[in-house]
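Q: Can we go through this one together? I'd like to talk helix packing, then strands.

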Amino acid sequence: MTLQWLTPWALAGLALLAVPIAIHLVGRPPRRRVVVPSLRPVAATVPRLARRRAVRDPWLLALRLGLLGAAVVAAAGPLVVSASRRAGWASRVVRAIVVDGGAAARGALEARATAARDGALASEVVVAEPLDAGVGRAVAWLAQQPPARREIVFVGDGRWGSLSPTVRDVVPAAIGLRLARVEPTTPAADSRLWRGADSDGRPRAARVAVATTADGRTSTTTTPVELPVIPLTLESAGADRAWLAAVREAVLGEGWFLREPPTWQAIALRWPGAPVADEALRALDDADRSRLVPLAVAMLDGAAAEATAVPTAPIAPTAPWSALGGGLSAVRTGESLIVRFEAAPTPATVESAVRAALAVAVGQDDTPRADGGAWDAAFVAAFERPADAAADGTGTGDEPRDARWLWLVVAVGVIVESTARRRIDTGRGAAAEGAS
Amino acid sequence: MAGPDLQRRPELAAVRDLDVAARALAAGLRHGRHRAPLLGAGPEVWGVRLYRQGDDTAQVDWKRSARGDRLYSRERVDASQTQALVVVDTSRSMAVGHDAGAPSKMDVARVTAAALATLLIEQGDTVGLFAPTSPLTWIPPAGGAHHGHVLVDALAGLEAEGAVAPSHALTTALAHLRRPSLVLVISDGWDDAAYAETARRAAASGHDVAVVTLVSPGDRALTTLGAVELEDAETGEVVAVDADALASGFAAAAAAHGAALDRGLRGPRLDAVRIETAAPLAPQLRRWLVARAARPAA
């Protein structure tokens, strides 16, 4: 059994004990002046007098010290941590839920976040993009919660780079970490408002609408808000739609269409086994075409990517492949970028990979997402950890029961002190009147 | 009749008519009058001084003169008439220390001095008065009813306003005396040890010294309680005290002071009496005079 303080800084109030002591030692009550024939008898009694003054009204002083001390201790929130109480804390959990604000499947994410609240003594949802940005708020909120096991649940679509593995080292070890992955869905139609800034720093925005046709063609229209229309056409075979949707999410998610030259560029995606988007390219005017960055995404593994390179611009890599992590590598050749997967990826992995590849393509490979991994089995196993069951009762606490008795003592003591003080004053007054 | 009432409340007598009060008190004391300071009718040697031209050779103290190279004459006094000097302490402490229902020590001192002076004059003695007031109150010893009125008037005008210690006042008073006298000292005795020492020295020099020490309730114990500031009537010094805590110590110290004073006022030709101001004055004075008359001659 141990004793903890919920607000230990309040113990500094014990310094206030000096106040009543000082009052009883040096405080001088109002005095009447009495003329005596001589002070010689007083002088003979001075040593005894000094001792008596040091303990003037000692019971009242003791009562006041006890009152003040009890109030300070009560304010400090004493908490007797017994085995049963500790077991009670360990049986409950407070949970911070960090939701990926950049993921597409918002509805599913919200549903999953709501479900994550179940069974928690207290929970808090933090929406952040990337997820790393919400970790600080989650840890701060957990620190303010009553004694219980603490954990953070990350809810996202698990795409590449949405959560840095270094988060595990940043979060206190006593806090558990869990990942709740929501499979991304491909919306039949999507519309997003992208924001950015022009070269003068003025805000700009555009609404990008993506539509998938019945025959598998996906078209995107950008409604000018203050931006020129940037056409983007993605073509794919029907079987590749899931991958193509992931690529589209990656492209739109990075907001490429709002970036000013030289980074503001149109992108043509070429897809192995699919018609080259020559028609779309032809639809572009010369100015747009001049800014075109052909992007080839090879959804094949290893050397096959090179063999099935973009038909209109055969890829002849001259630079070494850049390892992007997660079994992904990329190489830039001329104006083309080839992304290579070591194994057949999931759509979420494709999206994360394309985001990373695009960052490499425009020379922004320092994006913080570049070092993130997709939430595959290996990542999950390395990242997740349970909450420390030995909850120590830190936090503001929800168990003031231990202090209630002290407050009751203080309340009774105040009444006793007031009564005693009145009696002392009354007694002195009567005695003084009787003597005079 | 005003007498008994004035004896109970002599402080009123000081205001109304000290002469009446003194006569009333003296009448009550008459059967216990004081013993004469010089017994026998013949001349008595008072002291020795240097021989002066014209001195009777019978007065020459040959034994004393033989020890030196100069002549000394015996100084003799006529003891047929007692000379008395009343010395009244007028220090500020005489005005304080009284309680409700009790007169101040100064009031009691006035009545006591007036009564004793009246008693002495009525029996034919000469009485003088000395008080260390400013200016000095000094009335040479004389007799007669008129002189008695002069003394009483002077006593009525005395106020406890001075800061002269009783020992110093007594020393100054004795310097005015040219012959052995009955010296009545009336004081509250709140002085240093020199007070008793001076009285003993006066007695040793041939005077019959009677010390009347007035004790008020405030001299015995603190008459107040609680947190107070005590001001010394003599020096003006102020001390903040808790009278509750101080009471027992103060009483013990005051008792010790009184005991020490009593011990210091013992000796040949030295008589002392304590008069409680809160108690009726006449019985106390009467008991003292009776005891004094029964005292063997020095």
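Predicted model: local features only at pLDDT ≥ 70, side-chain atom pairs only at ≥ 80, totals over all residues.

Q: Which residues of α5(B) and α11(B) make the contact?
A: From α5(B), Val108(B), Val111(B), Thr112(B), Leu116(B) and Leu119(B). From α11(B), Leu281(B), Leu285(B), Trp288(B) and Leu289(B).

Q: How many nonpolar, polar and charged residues does that contact have?
A: Eight nonpolar, one polar and no charged.

Q: What's the angle between α5(B) and α11(B), and how far apart are the axes?
A: The angle is about 45 degrees, and the axes are 12 Å apart. Angles from 65 to 115 degrees count as roughly perpendicular and those under 35 as roughly parallel. The two helices are therefore oblique to each other.

Q: Switching to chain A. Is β4(A) largely enclosed or exposed?
A: Eight of the eight residues in β4(A), residues 93-100, are buried, so the strand is largely enclosed by the rest of the structure.

Q: Which residues sit on each side of β4(A)?
A: One side has Val93(A), Arg95(A), Ile97(A) and Val99(A). The other has Val94(A), Ala96(A), Val98(A) and Asp100(A). Both faces are covered.

Q: Why do the side chains alternate?
A: In a regular strand, side chains alternate between the two faces of the sheet.

Q: Which strands pair with β4(A)?
A: β6(A), residues 149-156, pairs with β4(A) in the parallel sense over seven bridges. There, Val93(A) has Arg149(A) as its bridge partner. β5(A), residues 122-128, also pairs with β4(A) in the parallel sense, over seven bridges. In β5(A), Val126(A) is the bridge partner of Val98(A).

Note on methods:
Residues numbered from 1 in each chain as written. Chains lettered and ligands numbered in written order. Heavy atoms only, no water. Buried < 20%, exposed > 50% of the residue type's maximum accessible area, 1.4 Å probe, protein only. Helix = DSSP H or I, 4+ residues; strand = E, 2+ residues; numbered from the N terminus. Pairing = 2+ DSSP bridges. Axes fitted to C-alpha atoms, helices over the stretch in contact; angles between N-to-C directions. Parallel < 35°, antiparallel > 145°, perpendicular 65-115°, else oblique. Contact = heavy atoms within 4.5 Å. Nonpolar A, V, L, I, M, F, W, Y, C, P; charged D, E, K, R; others polar.
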